[in-house]
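This report describes selected local features of one protein model. The sequence and structure come first, and the notes follow.

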Amino acid sequence: MRILWKPFGFSRRLLQVVRCHPSESISLSALTRRTFVLRLRKAPSIFWLGQRQGFSAMPEIEARVRDTELFSPPPEVRGMTELDRTAFKKTVSVPVLKVRKEVVNRLMRALKRVALQRPGIKRVIEDPDDGDTRLIMLDPFKMLTVDSFEKAELGVLEELAVNPQLSEYNLELTYENFKSEEILRAVLPEGQDVTSGFSRVGHIAHLNLRDHQLPFKHLIGQVMIDKNPGITSAVNKTSNIDNTYRNFQMEVLSGEENMLTKVRENNYTYEFDFSKVYWNPRLSTEHGRITELLNPGDVLFDVFAGVGPFAIPAARKNCTVFANDLNPESHKWLLHNCKLNKVDQKVKVFNMDGKDFLMGPVREELMLRLGPSAEAKPSIHIVMNLPAKAVEFLSVFKSLLDGQPCCNERLPTVHCYCFSKDANPAKDACQQAGAALGISLEASSSVHLVRNVAPNKEMLCVTFQIPTATLYGNRALSLATEEPCPEKINMFKRIGLWKNSCSARNRGSTVSKQLRR
């Protein structure tokens, strides 16, 4: 049984609707639905006030206004693979309120809740029967009868001497009036997932279509262009991200093939060839989060810098930046974007393998900044945003430096990104990083959930300070077990590991344990 609201005047008539076969001999109102006829009878304790005769000032708005298909495209478009915009024409009935044209503006503010909101449709139209009045189109899902007005709305209607009676208006919908999700849901096979979201990269809509959507890929691409101002090209990823250069193969589904684009993120501008470099707009918040951790004068090593979303904001914050990327295209656009954002004098750019960058420029700079003669004591951060492989590069930090260990507060802080499919992704990420370093990080690290990449797959950032015993290795341990000279005593006092009461043997054991933490 379905319940049908049949408004009339200021009353509601509740009718019980029973489906029956057309061959049954019954006296019926002229109400036919698909291939069956609806038999109307009085619901218990409700009496029938009568039928609508022709066009009434307070029209019957049937249960179809509750139907989600009211604003769906015609069913004939199902299975369409080449976009035919003319096939999306449809006429629907919507409630309208007749008002004097001089009160329209004031009334629209009061009726914002119930006014019809559809793409490309004017909510106020001329009354074909009276040039001095206008028709305000209302949302049929919210306006069933006059009783659907809220008290405040009715108060404004009364104040402006507007009759609250509703009329019915036949509204013609076209392709321009449907949303992209409504179009794709009508076209794709019933029950299939609908692609309505995408990553926007400048003028490019980047989609990740599933197998069942591929027969409709060109139509989907064109709909994305039509329904999103500023989008002139739609592409689909056809392969996984290449771990070497962090780019992927893509297919242009519709629109122009120009992949040179410009994006604006966190008040910085980036230009690049999207087909040759890595860029993910979903990491905008993460780029900002890391930048907030930096203070002017800090040092940032960006091991997998891409086109500069970490390096450039850091440089604008007056940090000293060393940025590296193996991809020659990323290196080219990184240089370009540094100049574009006027930080080219603050960023040293490298085109090397991440391991070579760590063992070369990073090691050399750390030796200078962490050595005993270094005066300035800025914080040092190392960002490793290559979640598929960054953990594998952590082993480079083991025994990376020579010489006397520095004090703990000056040790570099690493922000290493990784993926996890574990039930406890934070713990798993911490264990991945610890295993690569050969230590436990559970008590000395923090884990930040960056985003959900796929069902049961998370992207995380593990942040930790490299332990002295890891960074200096055997050198730190050997210094701890030797009978110290005055210089070594001063060094151990500086890093907080000296106790006068310790014998050389016990002192070595104590220092070794603390260094391993």
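## A loop residue with positive phi

Asn 456 is exposed, with a relative accessible area of 64%. The model is predicted, and in it Asn 456 sits in the loop that runs between strand S20 (445-454) and strand S21 (457-465). Its phi is positive, at about 65 degrees, although Asn 456 is not a glycine.

Asn 267 is another residue other than glycine with a positive phi, here near 75 degrees. Asn 267 belongs to the loop between strand S13 (260-265) and S14. With a relative accessible area of 60%, Asn 267 is exposed.

## Overall make-up

The protein contains 13 helices and 21 strands. Of its 517 residues, 49% are buried. Among contacts with a separation of 6 or more, 66% are between residues 24 or more positions apart.

## Thr 269 in strand S14

Strand S14 covers residues 268-273 and includes Thr 269. Is Thr 269 buried or exposed? Its relative accessible area is 15%, under the 20% cut-off, so Thr 269 counts as buried.

The side chain of Thr 269 makes a polar contact of 2.6 Å with the side chain of Arg 264. Leaving out residues up to four places away in sequence, Thr 269 touches Lys 262, Val 263 and Arg 264, together with Asn 337, Leu 340 and Asn 341.

## Helices H3 and H4

Two packed helices are described by the angle between their axes and the distance between the axes. For helix H3 (residues 180-187) and helix H4 (residues 217-227), the angle is about 160 degrees and the axes are 10 Å apart. Angles over 145 degrees count as roughly antiparallel, so H3 and H4 are roughly antiparallel to each other. Their crossing is right-handed. On the H3 side, the contact is made by Ser 180, Ile 183, Leu 184 and Val 187; on the H4 side, it is made by Leu 219, Ile 220, Val 223, Met 224 and Lys 227. Sorted by class, the contact of H3 with H4 has 7 nonpolar residues, 1 polar and 1 charged.

H3 is mostly covered, with 6 of its 8 residues buried. The buried residues in H3 are Ser 180, Glu 182, Ile 183, Leu 184, Ala 186 and Val 187. H4 is part of what covers them.

## His 381 in strand S18

His 381 is found in strand S18. Its relative accessible area is 8%, and His 381 is therefore buried. Which residue has a side chain joined to that of His 381 by a polar contact of 3.0 Å? The partner is His 415.

Not counting residues up to four places away in sequence, His 381 also touches a group that includes Leu 293, Leu 294, Asp 298, Val 299, Leu 300 and Phe 301. Thr 413 is a further contact of His 381.

Val 391 is placed in the loop between strand S18 (380-384) and strand S19 (413-420). Its relative accessibility is 14%, so Val 391 counts as buried.

Which residues does Val 391 contact, apart from its neighbours within four places in sequence? They are Cys 416, Cys 418, Gln 432, Ala 433 and Ala 436. Val 391 and Phe 419 are 28 residues apart along the chain, and their C-alpha atoms are separated by 9.7 Å.

Methods
Residues are numbered from 1 along each chain as its sequence is written. This is a predicted model: local features need pLDDT of at least 70, side-chain atom pairs count only at pLDDT 80 or more; totals for chains, interfaces and linings use all residues. Side-chain values use heavy atoms; hydrogens and water are left out. Axes are lines fitted to C-alpha atoms, for helices over the stretch in contact, and angles run from 0 to 180 degrees between N-to-C directions. Helices (H or I, at least four residues) and strands (E, at least two) are DSSP runs, numbered from the N terminus. Angles under 35 degrees count as roughly parallel, over 145 as roughly antiparallel, 65 to 115 as roughly perpendicular and the rest as oblique. A crossing is left-handed if the near helix is turned anticlockwise from the far one by less than a right angle, and right-handed if clockwise. Contact means heavy atoms within 4.5 Å. Ala, Val, Leu, Ile, Met, Phe, Trp, Tyr, Cys and Pro count as nonpolar, Asp, Glu, Lys and Arg as charged, and the others, Gly among them, as polar. Buried means under 20% relative accessible area, exposed over 50%, partly exposed in between (1.4 Å probe, protein chains only). A polar contact is a pair of N or O atoms within 3.5 Å; within protein, one must be able to donate a hydrogen and the other to accept it, and residues adjacent in sequence count only if both atoms are side-chain atoms.
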